[in-house]
Amino acid sequence: MGCIYNEKVKRSAKPLIGLLIIFGISLMVVSVVGTRAGLNQETKSTMDLVLAMVFLLAGYRVIAKTKEIYRYSIIADDLIIHRISGEKSHLVEKVKLSEIQALHNRRPGWNLMRLLRKNYSVNMMKLDCCCECNVEGNRKTFYFSPSQSMLNKISHAIEAS
């Protein structure tokens, strides 16, 4: 086919920071409920310490996610997705265009199965593209956020094969 196309997308920090704020407020509510339940001071201090550690770990993860950049590439007959964190680039997905069975634009909802699947999107709250493919007899599904130009190139490649 001979087609080469690259694009980079950066994750938006707004929804992730919003989720972090909601998570922090919920941890404070749990602490207040523990106090009102009549827990002794030692148990309350231990619970607060554990909740603070969970909050800090979640905050670190959110900040790390906002620094990720995804590079989507079409090279020859391959759709390649790299995750770039700082100076490191990791190959996260490589699929032959001929193996792609369907591309769907889906508005993400609060679906637990969607959160468990592979997600290479820039924004969890944005309209994503669901890619369904058949790799070595196994059905594979992942989400990503390509531009309209890239979607057109993938669609034309699927039609040509």
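Because the model is predicted, local features are reported at pLDDT of at least 70 and side-chain atom pairs at pLDDT 80 or more, while totals for chains, interfaces and linings use all residues. Residues are numbered from 1 along each chain as its sequence is written, and side-chain values use heavy atoms, with hydrogens and water left out.

The protein chain contains 4 helices and 8 strands, taken as DSSP runs numbered from the N terminus (helices: H or I, at least four residues; strands: E, at least two). Along the sequence these elements follow the pattern β-α-α-β-β-β-β-α-β-β-β-α. Of the 161 residues in the protein chain, 35% are buried; here buried means under 20% relative accessible area, exposed means over 50%, and partly exposed lies in between (1.4 Å probe, protein chains only). The chain exposes about 10200 Å², and carbon and sulfur atoms supply 60% of that area, with accessible areas from the Shrake-Rupley method (1.4 Å probe; for residues, only the protein chains shown count as cover). Contact is defined as heavy atoms within 4.5 Å. Among contacts between residues at least 6 apart in sequence, 57% join residues at least 24 apart.

Turning to the sheet, 4 strands form an open arrangement in the order β1-β2-β3-β4, with antiparallel pairing. Strands of a sheet pair through backbone hydrogen bonds, either parallel or antiparallel; in this analysis, two strands pair if DSSP finds at least two bridges between them. The edge strands are β1 (4–10) and β4 (88–96), each of which pairs on one side only. On average, and with direction ignored, neighbouring strands of this sheet are turned by 15 degrees against each other. Axes for such angles are lines fitted to C-alpha atoms, for helices over the stretch in contact, and angles run from 0 to 180 degrees between N-to-C directions. Helix α4 (residues 148–160) packs on the sheet and touches β1, β2 (68–75) and β3, its direction making about 35 degrees with that of β2.

Ile81 has Glu93 in β4 as its bridge partner, and Ile84 stands opposite Ser89 in β4. The hairpin of β3 and β4 also has 2 residues between the strands, and Gly86 takes a positive phi near 65 degrees. Strand β3 is mostly covered, with 6 of its 8 residues buried.

Asp78 is found in strand β3 and counts as buried because its relative accessible area is 12%. The side chain of Asp78 makes a polar contact with the side chain of Lys96 at 3.4 Å. A polar contact is a pair of N or O atoms within 3.5 Å (within protein, one must be able to donate a hydrogen and the other to accept it, and residues adjacent in sequence count only if both atoms are side-chain atoms). Leaving aside neighbours within four places in sequence, Asp78 is in contact with Ser73, Lys94, Val95, Lys96 and Leu97.

Finally, the aromatic rings. A search of the whole structure finds 2 aromatic pairs, where rings of Phe, Tyr and Trp (its six-membered ring) pair if their centres lie within 6.5 Å, and planes under 30 degrees apart count as stacked, over 60 as edge-to-face and the rest as tilted. Tyr72 and Phe144 form an edge-to-face pair, 5.3 Å centre to centre with 80 degrees between the planes. This pair links distant parts of the chain, since Tyr72 lies in strand β2 and Phe144 in strand β8 (residues 138–144), 72 residues apart. Tyr72 is buried, with a relative accessible area of 0%, and Phe144 likewise counts as buried at 0% relative accessibility. Phe142 and Phe144 form a tilted pair, 5.7 Å centre to centre with 45 degrees between the planes, and both residues are buried. Tyr72, Phe142 and Phe144 form one aromatic cluster.
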